[in-house]
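Subject: Handing over the structure

Hi there,

Here is the structure I promised to pass on to you. Have a look at it first, and then read on for my notes on what turned up.

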Amino acid sequence: MPLVQTKRLHKFFGKNHVLKGINLDIQEGEVVTIIGRSGSGKSTLLRTLNGLESIDDGTIEVDGTALVAGQGDLRALRQKVGMVFQQFNLFPHLSAGQNVMLAPQVVKGTKKDEAETIARNMLARVGLAEKFDAFPDQLSGGQQQRVAIARALAMSPKVLLCDEITSALDPELVNEVLSVVRQLASEGMTLVMVTHEMRFAREVSDKLVFMYEGRIHESGHPQEMFNNPTTPEFANFIRTQN
């Protein structure tokens with residue numbers, strides 16, 4: 001049984017049909033990377049997986065928690081799905097440690113001492129053990145994004161969604177964030193990523209998903225897909241990324 005499964009997923013924004021019957025299975029411990037041109041539905045698909053966008057038809061199931069169009073337990077779903085965004089979205093008046101502590105305390109009712117222990121462990125996990133008391137404006141963009149990853153990990157999600165998490169960073173800071181994602185993948189974290197980093201997608205992913213005009217156009221093992229694209233649309237996409 002897949003850890004994450006979508007069946008016949010549809011999403012409209014007004015008359016714009018953004019997701020057109022998405023069927024996707026993600027196994028526990030799998031690293032799935034979603035690629036495609038801007039407007040193909042990548043980020044919308046990611047946002048439906050933790051209920052940030054409602055669905056108009058179809059079903060989403062994460063670790064036994066089901067969401068059907070118009071009904072389902074969003075709170076239960078979101079406790080199983082962590083998300084890291086393009087923008088870091090840290091509270092500027094809170095230290096790195098306090099940012100990471102907040103969700104376990106508010107959502108799960110974790111006591112302060114326990115939340116602090118979790119936060120320190122998660123910051124250490126992303127290489128920022130010494131930054132617990134630093135405020136966001138004292139951190140580089142790469143460090144802020146790593147705090148955002150630690151914040152998501154503090155909720156012990158079953159799956160972590162990463163939406164273009166390096167696109168707001170200066171080029172020299174990209175690798176420090178990607179190295180954290182590589183480490184998480186090596187530890188067996190279930191990851192679903194939208195990215196423009198093609199080399200990274202090729203190296204780290206177990207499954208590559210190419211979206212085109214709201215549909216999954218091709219999917220499979222990254223090496224096979226990059227070496228032998230089966231559709232002209234994906235072949236064209238690869239050419240434009242080099």
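Let me start with a question: which residues line the largest cavity? Before the reply, please keep in mind that this is a predicted model.

The lining of the largest cavity is made up of Cys-162, Glu-164, Ile-165, Thr-166, Leu-178, Met-193, Val-194, Thr-195 and Phe-200. Sorted by class, that lining has 6 nonpolar, 2 polar and 1 charged residues. The space in the largest cavity comes to about 50 Å³, and the structure holds 1 cavity of 30 Å³ or more.

The largest pocket contains about 610 Å³ of space. Its lining consists of 20 residues, and those nearest the centre of the pocket are Arg-78, Val-81, Met-83, Ala-103 and Met-155. Helix H2 (74-80), strand E7 (81-84), helix H3 (96-108) and helix H5 are the elements that each give two or more residues to this lining. The biggest share comes from H3, which provides 5 residues. By class, the lining of the largest pocket has 12 nonpolar, 5 polar and 3 charged residues.

The second largest pocket holds about 180 Å³ of space. Around it are 16 lining residues, with Ser-38, Gly-39, Ser-40, Gly-41 and Lys-42 nearest its centre. Strand E2 (16-26) and helix H1 (42-49) supply at least two lining residues each. The class make-up here is 2 nonpolar, 10 polar and 4 charged residues.

H5, already mentioned for the largest pocket, spans residues 141-153, and its axis comes within 8 Å of the axis of H6 (residues 171-186). The two axes cross at roughly 25 degrees, which means that H5 is roughly parallel to H6, as angles under 35 degrees count as roughly parallel. The crossing of H5 with H6 is right-handed.

Which residues meet where these helices touch? From H5 there are Gly-141, Gly-142, Gln-143, Gln-145, Arg-146, Ile-149 and Leu-153, and from H6 there are Leu-173, Glu-176, Val-177, Val-180 and Leu-184. By class, this contact has 6 nonpolar, 4 polar and 2 charged residues.

Enjoy exploring the structure, and do write back with any questions.

Best wishes

Definitions and conventions
Residues are numbered from 1 along each chain as its sequence is written. This is a predicted model: local features need pLDDT of at least 70, side-chain atom pairs count only at pLDDT 80 or more; totals for chains, interfaces and linings use all residues. Side-chain values use heavy atoms; hydrogens and water are left out. Axes are lines fitted to C-alpha atoms, for helices over the stretch in contact, and angles run from 0 to 180 degrees between N-to-C directions. Helices (H or I, at least four residues) and strands (E, at least two) are DSSP runs, numbered from the N terminus. Angles under 35 degrees count as roughly parallel, over 145 as roughly antiparallel, 65 to 115 as roughly perpendicular and the rest as oblique. A crossing is left-handed if the near helix is turned anticlockwise from the far one by less than a right angle, and right-handed if clockwise. Contact means heavy atoms within 4.5 Å. Ala, Val, Leu, Ile, Met, Phe, Trp, Tyr, Cys and Pro count as nonpolar, Asp, Glu, Lys and Arg as charged, and the others, Gly among them, as polar. On a 1 Å grid over the protein atoms alone, a cavity is a set of points where a 1.4 Å probe fits but cannot get out, and a pocket is an open set with protein on both sides within 12 Å along at least five of seven lines; lining residues have an atom within 4 Å of a point. Grid points are joined across faces, edges and corners, and a volume is the space filled by probe spheres set on the points.
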